[in-house]
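Please read these notes with the model open beside you. They go point by point.

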2 protein chains.
Amino acid sequence: MPITVFLNGQWIAAEQAKISVFDRGFLFADGIYEVVPVYQQRPFLLVEHLARLQRSLSALQINAPDNSFWQAVISELLERNGLADALVYIQVTRGAEANRSHLAGADLQPTLFASISPLPVHWHQPKPVAVTLFDDIRWLRCDIKSTSLLANIMLKQQAHQAGYSEPLLQRDGWITEGASCNFFGVRNGIIYTAPKDHLILPGISRDHVIQLAQQLGLEVREQAFAVTDLAELDELFLTSSSREVQPVGRIDDMIIADGQCGPLTAQLVTAYHASKRTLCEIS
Amino acid sequence: MPITVFLNGQWIAAEQAKISVFDRGFLFADGIYEVVPVYQQRPFLLVEHLARLQRSLSALQINAPDNSFWQAVISELLERNGLADALVYIQVTRGAEANRSHLAGADLQPTLFASISPLPVHWHQPKPVAVTLFDDIRWLRCDIKSTSLLANIMLKQQAHQAGYSEPLLQRDGWITEGASCNFFGVRNGIIYTAPKDHLILPGISRDHVIQLAQQLGLEVREQAFAVTDLAELDELFLTSSSREVQPVGRIDDMIIADGQCGPLTAQLVTAYHASKRTLCEIS
């Protein structure tokens, strides 16, 4: 079915949704985005996603509508497209102006865009994937969820061309995250993930998984994990709104958890699925 | 006069030039650009600009038309818009696809865009500007002239809000460049500029100024310049296709060259202007 999208107050067929070539989102990647999973018509962790959206906008000094506006857009997107399980995509740019200039003019009208795509919801155990260790070449404000994503794209592309599902990024000897997901490692029963600073995206799924782990009585340490300690990992998994909890069975030639989904990872996969049911009130 | 732009083989009024919201240039900054100055209808250092365009495209593995195509586009842009002194802007993105995915589909049709704006040509001595020292938060492939420019935008915006013309960027204690221009420092008669590596844009004006300096018998060293040595600078200037040779009279509270255009800088400003006349065959 053709998708209807939201663009600057209009509801239009996806193929007809167009922006000016002078939009600063196109010329300068001067914008931010958010991806919200929806299960059975209920946006998952919406409050957290919208809080991050506002935080990104604030970092860029872009004024955009408040949360109630986006809640209404998401509801209408779901309704117009007749989707129950979906990924909602929201993008806001600083807007278009007649002349290209690094320095933006004052009082531009932000470009507001929202789209949606069907999400195949898998309730079964995900298969472990392989990752490859790459240098993290991204900028030093990875905490802003911006559309300035070329580094992520290039790293992802290179990983795929080498036969891997995702790059595992390291900066100065410390694991940061993937190209579009957060990193979790398990060693001796303790779960490690990079701290929330300017070097990683503050993942909504990341925070959610930490909460779930703590509810299960597991110890989580938000501290940098050294590349040199990877060989000691008992388990490794990635999190993101679309991957949810994704076990990793291999880093390059190094097998993790016998290439299987490790026991703590499996517990968290189950807990994540259960939380979708609970939070989205799925019967 | 309204500008006519080139977009995917069409010549259209700038206000009507639109691209899909699913263009990867808009969603991911998955694209590159080039800015070519034109003096008296003659593109300046065109061979060099087009070589860099192809280099950027190659780094992103995007297939786009060859140099003769762009030469024809530039000629027609000038003609259709009746401009003699101008800045030509070229942007190529990986193209649009129906579904948003970090990993691009194969065989996308690249988006080809070219625009033009009038360039007020100043032949007089430019006034020194003030710069402010900022941390270089950009990615580690600054050698690719990509549209993934949010870091540059933010740095420029912050510098302007603080009353400066440009940020002077430093990474790990070494000067890299500005947000949209290269750095040159003069100490004891020797001209320093950062080496061409992954930390700076390989500026066409930068290379041109080095050549001009050498023709004048001046010594140029392409080597990293330490932040701690800034106080020893006799002169400082920036280069870019639009700024040409831009003297700097102050770094934050530190006055350079008595706040004036220093003697070597003045020589290079004059030589740059002369080379425009020669290379563009201006009578």
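1. At what angle do helix α5 and helix α6 of chain B pack? The angle is about 105°, and the axes are 10 Å apart. Axes are lines fitted to C-alpha atoms, for helices over the stretch in contact, and angles run from 0 to 180 degrees between N-to-C directions. α5(B) is therefore roughly perpendicular to α6(B) (the word covers 65 to 115 degrees).

2. On the α5(B) side, the contact (heavy atoms within 4.5 Å) involves B:Ser205, B:His208, B:Val209, B:Leu212 and B:Ala213. α6(B) contributes B:Leu268, B:Ala271, B:Tyr272, B:Ser275 and B:Leu279.

3. This is a predicted model: local features need pLDDT of at least 70, side-chain atom pairs count only at pLDDT 80 or more, and totals for chains, interfaces and linings use all residues. Residues are numbered from 1 along each chain as its sequence is written, chains are lettered from A and ligands numbered from 1 in the order in which they are written, and side-chain values use heavy atoms, with hydrogens and water left out.

4. Chain A has six helices and 17 strands (DSSP runs, numbered from the N terminus: helices are H or I with at least four residues, strands E with at least two). Of its 283 residues, 59% are buried, meaning under 20% relative accessible area with a 1.4 Å probe, protein chains only.

5. In chain A, α5 covers residues 204-215. Its buried residues include A:Ile204, A:His208 and A:Leu212. After α5(A) comes A:Gly217, with a positive phi near 80°.

Notes
The expected span of a helix is 1.5 Å times one less than its number of residues. Buried means under 20% relative accessible area, exposed over 50%, partly exposed in between (1.4 Å probe, protein chains only). Angles under 35 degrees count as roughly parallel, over 145 as roughly antiparallel, 65 to 115 as roughly perpendicular and the rest as oblique.
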